[in-house]
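Please look through the sequence and the model below. The questions after it go from the whole chain to single residues.

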Amino acid sequence: MMWLMDECENGFSVDLFLHCSLVPAVFIVLLLSFVQSRSKAQPFEERFPYLRGRFGIVVPLDFIGSLSNRWSFGFAFGAIAPSVLQLFSESYTPMKVPNWAKAFVYLLGALEVGVAYFPFFACLSTPHRALGGVLGVLYTLMWLTARLYDTASCPSGKILGRYEKLIIQWPFFLCLGFLLGRFVYIIVKAVRIHLHLQDEENEEDLQFHQFRYVKTLLKRPPEPSEPKSWFRRKVYDWDPYFKFPNRMIGTSIISLIGLYTMTLLDYSLSDYTFDKLDALKDSLAEIASSCNHTDNMFTSLVPGLDEFSYVARMSWLATTIFATLTSVTYTFHVLVCYRKHIKRLWRGEKNFLPVKFHKPSPAVSVAAITRYSGWQIAFTLWGFVIVHFIQFLFALIFAYGVVLPIQKGKFLRWLSSVSIILLTIFIVVAIVIVQIVLVQIFFLQSKLSPDDKQKPLALNNRKAFHCFNYFFFFYNVIMGLSNCILRLLVSCILGTWLVSRIDRTIMQRGYESMDPGYNTWIGMIFADHYHSNPVMLSFCHLLLGKTLDRRPAEPSYDTFSNTTGCSVGVRVRVRWLLLYTLLRNPKLILLRKRKPQDHHDNQDPLLIARTITSQAQQANGLVSNC
């Protein structure tokens, strides 16, 4: 990937500009830290009253709970994608060191890139909107000017032609342009709020979807609505009560931009390689024509090389398209799986996970938050390379095994060979089916009821079954070899095909803990589940709003505490809410804590439920009279 970052003849280098940008980046971070106040001041700060509580921690991005400015942060991730791809290719090394110290150099390079792009995220997340907007505009303009100058001064390239850099870097210009417009909007909005022309938005209003989700849990299941469209049934069904966090959107945007860059790189390098192969073929043809003997080695080699060059070029081009579509589909499918898994955890369902992952370590879960984005991007890009290579091998096998024999008029020979292979496979499968049918007819007892779909797992004709099992034992030994090879091939193909699917393990059952990518996925979704569960957030808000602060709840949450709409007293209202909850959740009746002398201890749970139902009806009448 070094050819994407070559220096131009004018001496300008984006890497050199990244080094120079550390100075304004550090200045912006220090300025934002100065205006950021701390809740607790240190004793030595008493000597400097003006600096008391200053220089707080600047948070670039909340990777867990924040759902505001999601697309702004996503485009900020897209703006830093070039440096992320450069780190991925391990071509960014600030200094030359021995091989054993390269890991420390990569860490130093990653820290340098993080500091250089820190102002993009800090200016978006700072509570001082006007200052953040002004600094963000200046810093974004600086980077946009540098990249435009680099593209305008050296637009052409060795492979893609005259507009090579523009073709490669237009997604980055789009992201920087969006950020520039966003910072301008932040400045205008801050000015309008300062002039009292606009009310300041509450952060909780932006997360109102979570509390709307809780309200749906307190209502009756909705009646069947109109049928969904084909797109919502087969492709994607959006959910108004769910929002993807900043981390998932930013990771997906970098993955898509990385796939775009990798596809261009793949196509360019393959085109360059096949051109060199054609040049080698022409050289061999010239050598063969210059020789006196017509039956020399080069004469027989040129036609085969010519055919291979054409087949390989077409196969590589076709598999490039399929591999790109596969990787893009995986990127969006990971988002769908994230929403599905998180909503299952919200409902308390853990059956879709292996048993050993039902309660992951808290330290592992929190650490998975930091690892996920980088690993997902790396898995996506490396998965594209691996899947493309595997698809290319299958395309060559298909071309030489099916297409070329038919084109050369050897259809009957090809058909006979394929027929023999298919007949062998058919016989093996037929014998397996015959065994199942014989067992179904002769060696299982009759159905216990005419309504049963299958016979019970009870043997019949035991002596005949033992003889049947003995004679098929020798054949199954032979058939086991082919099934063993088939099992290995299927495992290798699925493992390489799903290598970029971090949400699905490629290990066998019982060995899921040996898959580091899947461990990261499980830890990440559990951390998000514990920190963004709508029911827990609603409960915590009500607890803080009414128990600790002794203040009425915000209008956004007032619907949870104002269910009955009647002022008959706190005790009656609480009892009504309790009865309503028990009616909607009968299993909670058995979990209620009772006194030892409670006369319901030895009663039937069904009788207890009926008693509570009658009490609920009485309470309902009491509420209806108010």
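Two residues are in contact here when heavy atoms of theirs lie within 4.5 Å. The model is predicted.

Q: What residues does Ser365 contact, leaving aside its neighbours within four places in sequence?
A: Ser365 is found in helix H13, which covers residues 362-407. At 6% relative accessibility Ser365 counts as buried, since buried means under 20%. Leaving aside neighbours within four places in sequence, its contacts are Pro360, Gly523, Met524, Phe526 and Ala527.

Q: How many helices and how many strands does the protein chain have?
A: The protein chain holds 626 residues, and buried residues make up 36% of them. Its secondary structure comes to 20 helices and zero strands.

Q: Of the contacts in the protein chain with a separation of 6 or more, what percentage is between residues 24 or more positions apart?
A: The contacts counted here are those with a separation of 6 or more. Within that set, residues 24 or more positions apart account for 71%.

Q: What share of the accessible surface of the protein chain belongs to carbon and sulfur atoms?
A: The accessible surface comes to about 39100 Å². The part that belongs to carbon and sulfur atoms is 66%.

Q: Why are the buried residues of H5 on the same side of the helix?
A: The buried residues in H5 are Val105, Gly109, Glu112, Val113 and Ala116. They are on the same side of H5 because the arc they cover around the axis is only 95 degrees.

Q: Which residues are exposed on the other side of H5?
A: Helix H5 runs over residues 102-116 and reaches 21 Å from its first C-alpha to its last, close to the 21 Å expected. What covers its buried residues includes helices H1, H2, H4, H6 and H7. On the other side, the exposed residues are Ala103, Phe104 and Leu111.

Q: Which residues of H4 are buried?
A: H4 is one of the helices that cover the buried residues of H5. Six of the eight residues of H4 are buried, so H4 is largely enclosed by the rest of the structure. The buried ones are Ala81, Pro82, Ser83, Leu85, Gln86 and Phe88.

Q: How many residues apart in sequence are the parts tied together by Arg247 and Asp528?
A: The side chains of Arg247 and Asp528 meet in a salt bridge, at 2.2 Å from N to O. Arg247 lies in helix H11 and Asp528 in helix H16, so the pair ties together parts of the chain whose separation in sequence is 281 residues.

Q: What is the relative accessibility of Arg347?
A: The side chains of Glu349 and Arg347 meet in a salt bridge at 3.4 Å, N to O. Glu349 is partly exposed, with a relative accessible area of 34%. Arg347 also counts as partly exposed, and its relative accessibility is 48%.

Q: How far apart in space are Ile522 and Ala368, C-alpha to C-alpha?
A: Ile522 is found in helix H16. At 1% relative accessibility it counts as buried, and leaving aside neighbours within four places in sequence, Ile522 is in contact with Leu353 and Phe357. Ile522 and Ala368 are 154 residues apart in sequence, and in space their C-alpha to C-alpha distance is 8.2 Å.

Q: What accessible area does the nonpolar patch with Ile425 have together?
A: The place of Ile425 is in helix H14, residues 411-442. Ile425 counts as partly exposed, at 47% relative accessibility. The patch on the surface is formed by Ile421, Leu422, Ile425, Val429, Ile433, Val437, Ile441 and Phe442, and their accessible area together is about 740 Å².

Q: What value is phi of Asn461 near?
A: Asn461 lies in the loop between H14 and helix H15. At 40% relative accessibility Asn461 counts as partly exposed. Its phi is positive, in a residue other than glycine, and is near 55 degrees.

Notes:
Residues are numbered from 1 along each chain as its sequence is written. This is a predicted model: local features need pLDDT of at least 70, side-chain atom pairs count only at pLDDT 80 or more; totals for chains, interfaces and linings use all residues. Side-chain values use heavy atoms; hydrogens and water are left out. Helices (H or I, at least four residues) and strands (E, at least two) are DSSP runs, numbered from the N terminus. The expected span of a helix is 1.5 Å times one less than its number of residues. Buried means under 20% relative accessible area, exposed over 50%, partly exposed in between (1.4 Å probe, protein chains only). The arc is that of the directions from the helix axis to the C-beta atoms. Patches are made of residues with over 30% relative accessible area and no salt bridge: like charges are joined within 9 Å, nonpolar side chains (Val, Leu, Ile, Met, Phe, Trp, Tyr) within 5 Å. Accessible areas come from the Shrake-Rupley method with a 1.4 Å probe; for residues, only the protein chains shown count as cover. A salt bridge is a side-chain nitrogen of Lys or Arg within 4 Å of a carboxyl oxygen of Asp or Glu.
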